[in-house]
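Here is a short briefing on one protein chain. Look over the sequence and the structure first, then work through the points by topic.

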Amino acid sequence: MSKNFDVVVIGGGPGGYIAAIRAAQLGFSTACIDEWKNAKGGAAPGGTCTNVGCIPSKALLQSSEHYEHAGHAFSEHGIEVKGLSLDMKKMLARKDTVVKQNNDGILYLFKKNKVTFFHGRGSFVKAVDGGHEIKIAGATEESIIAKHVVVATGSNPRVLPGADFDERLILSNTGALAIAEVPKRLGVIGAGVIGLEMGSVWRRLGSEVTVLEALPAFLGAVDEQVAKEAQKQFTKQGLAISLGVKIGAITAGKDDVTVNYVDDKGVAQKAVFDKLIVSIGRIPNTIGLNAEAVGLKLDERGFVAVDGDCKTSLANVWAVGDVVRGPMLAHKAEEEGVAVAERIAGQHGHVNFNTIPWVIYTSPEIAWVGKTEQQLKAEKVAYKTGSFPFLANGRARALGDTTGFVKFLADAKTDEILGVHIIGPQASELISEAVVAMEFRASSEDIARICHAHPSLSEAVKEAALAVDGRALNF
């Protein structure tokens, strides 16, 4: 086997494996190094997203939603379910099967595209003629030479001081996806994407869920109108959400965790939980990369410093995904991975941060792209807005889920779409139309004049676009 490669990617998550495959497609001899292991010690490429993030969380969200529908929603459809029971072991096994299918799919794509895969931890050794020497620490230790290096080492969960993860009582996203029995009392610190999704899973399965959030506003990065609707719906479902709290001492006992905190009124509180999920953000993963040995520059927050093209401080060394600036989203990493491979080939890779969609896979789903209304106000941009409720959408009525709405924000003069925000059924799928429209700098009028299938949830997107000029038809 050759020890010299045109492109070596360190990290096999969404940014890494996509970069490796695209580089190979462009004719480069390519290797990808990844250290994730499955329960049997085998290779499990796909990074956090595939192993303990996007994929397993969606599997559990789907399973828990089926369970909740069977217990509460099927009856209105004339479907009576008697003797409903939960097999947690089987539910977790299905989640693990879904993960393995994705791991195996990546390995298959490597083989299909002639990407050489190394199972182990990759790190820099030194600069050499023609590139960099990369050490691989796996079952055995070996070194390879790379003309171009793509760093795609992802991120790790941020630890709350005084509350180290033991993955038994104090859980990161990893432990939150592997709770063997439904906890009676579940605490969640952090009302972000991970906290709300995991809180929703275990609430549906029977946990009493309390969410503690330090910020005074709920989902501050989301359009305010959407955030208010989301908080109302989650509270109605049974999530106890406390904002503006100051977390104090956290003490893990034999079988429970005690959290001391001060609420938004300044009153000292204490809560005892069977499990505690801490989801207060993520930090770049550069541990063991040996960046200092080759002079790879990190910024003040520990991210690999890159320019707009994902070039680092070192010639022919690139970095993508969670380990660099920008949103920590799998699809953002994928876009950067493709763009970097194409830039190495002398092409013009394309990543537009303004059209990267965001999704929270709760129920209702929340999805958005572009600017929020509060951002436009702060930037003093003249805009117009239109919205349409799913309550007035025939397909939503037939589904039995009329929660939420679609909201458009458009430039007051040109009508160019500046942002689209959706809360409601299948928002994660509907937002793609807005992404395409914004990528082509479409106007709300363009969306309004496109024929949408009837009955469909996408009609709500069209109606919201019509509503920008006060022309919604289906109220």
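**Helices that pack**

Helix 3 passes helix 4 in a right-handed crossing. The model is predicted, so keep that in mind throughout. The points below cover helix packing, sheets and hairpins, an aromatic pair, and some backbone details.

Helix 3 with helix 4

- Two packed helices are described by the angle between their axes and the distance between the axes.
- The axes of helix 3 (residues 54-73) and helix 4 come within 9 Å. They cross at roughly 145°.
- On the helix 3 side, the contact is made by Ile 55, Pro 56, Ala 59, Leu 60 and Ser 63.
- On the helix 4 side, the contact is made by Met 91, Leu 92, Arg 94, Lys 95, Val 98, Val 99 and Asn 102.
- The residues of the contact of helix 3 with helix 4 divide into eight nonpolar, two polar and two charged.

Helix 1 with helix 4

- Helix 4 (residues 88-112) also packs with helix 1 (residues 14-25).
- Here the angle is about 20°, and the axes are 9 Å apart.
- Angles under 35 degrees count as roughly parallel. Helix 1 and helix 4 are therefore roughly parallel to each other.
- The crossing of helix 1 and helix 4 is left-handed.
- Which residues meet in this pair? Tyr 17, Ala 20 and Ile 21 come from helix 1. Ile 106, Leu 109 and Phe 110 come from helix 4.
- The contact of helix 1 with helix 4 holds six nonpolar residues, no polar and no charged.

**Two open sheets**

- Strands of a sheet pair through backbone hydrogen bonds, either parallel or antiparallel.
- Strand 7 runs parallel to strand 14 (residues 275-278), and two bridges join them.
- Ile 170 has Leu 276 in strand 14 as its bridge partner.
- Another open sheet of five strands has the order 17-18-21-20-19, with antiparallel pairing.
- Strand 17 and strand 19 (383-389) are its edge strands, and each pairs on one side only.
- Neighbouring strands of this sheet are turned by 10° against each other on average, direction ignored.
- Helix 12 (residues 427-439) packs on the sheet. It touches strand 17, strand 18 and strand 21 (417-424).
- The direction of helix 12 makes about 10° with that of strand 18.
- How many bridges pair strand 19 and strand 20? Strand 19 and strand 20 (residues 405-411) pair in the antiparallel sense over seven bridges.
- Ser 387 has Lys 407 in strand 20 as its bridge partner.

- Strand 3 and strand 4 (residues 131-138) pair in the antiparallel sense over eight bridges.
- Gly 120 has Gly 138 in strand 4 as its bridge partner.
- The hairpin of strand 3 and strand 4 has two residues between the strands. In this hairpin, Gly 130 takes a positive phi near 90°.
- Strand 4 also runs antiparallel to strand 5 (residues 141-151), and six bridges join them.
- A hairpin through two residues joins strand 4 to strand 5.
- His 132 stands opposite Ala 146 in strand 5.

**Aromatic pairs**

- A pair of aromatic rings is described by the distance of the centres and the angle of the planes.
- Rings pair if their centres lie within 6.5 Å. By this rule the count comes to four aromatic pairs.
- The rings of Phe 5 and Phe 118 have their centres 6.1 Å apart and their planes at 85°, so the pair is edge-to-face.
- This pair links distant parts of the chain. Phe 5 is in strand 1 (residues 4-10) and Phe 118 is in strand 3 (residues 115-128), 113 residues apart.

**Backbone details**

- Most residues other than glycine have a negative phi, and most peptide bonds are trans.
- Where is Glu 167? Glu 167 lies in the loop between strand 6 (155-157) and strand 7. Its phi is near 60°, a positive value in a residue other than glycine.
- Ser 363 and Pro 364 are joined by a cis peptide bond, with omega about 5°.
- Pro 364 is found in the loop between strand 17 (358-360) and strand 18 (365-370).
- His 454 and Pro 455 are joined by a cis peptide bond, with omega about -5°.
- Pro 455 is in the loop between helix 13 (444-448) and helix 14 (458-467).

Definitions and conventions. Residues are numbered from 1 along each chain as its sequence is written. This is a predicted model: local features need pLDDT of at least 70, side-chain atom pairs count only at pLDDT 80 or more; totals for chains, interfaces and linings use all residues. Side-chain values use heavy atoms; hydrogens and water are left out. Axes are lines fitted to C-alpha atoms, for helices over the stretch in contact, and angles run from 0 to 180 degrees between N-to-C directions. Helices (H or I, at least four residues) and strands (E, at least two) are DSSP runs, numbered from the N terminus. Angles under 35 degrees count as roughly parallel, over 145 as roughly antiparallel, 65 to 115 as roughly perpendicular and the rest as oblique. A crossing is left-handed if the near helix is turned anticlockwise from the far one by less than a right angle, and right-handed if clockwise. Contact means heavy atoms within 4.5 Å. Ala, Val, Leu, Ile, Met, Phe, Trp, Tyr, Cys and Pro count as nonpolar, Asp, Glu, Lys and Arg as charged, and the others, Gly among them, as polar. Two strands pair if DSSP finds at least two bridges between them. Rings of Phe, Tyr and Trp (its six-membered ring) pair if their centres lie within 6.5 Å; planes under 30 degrees apart count as stacked, over 60 as edge-to-face and the rest as tilted.
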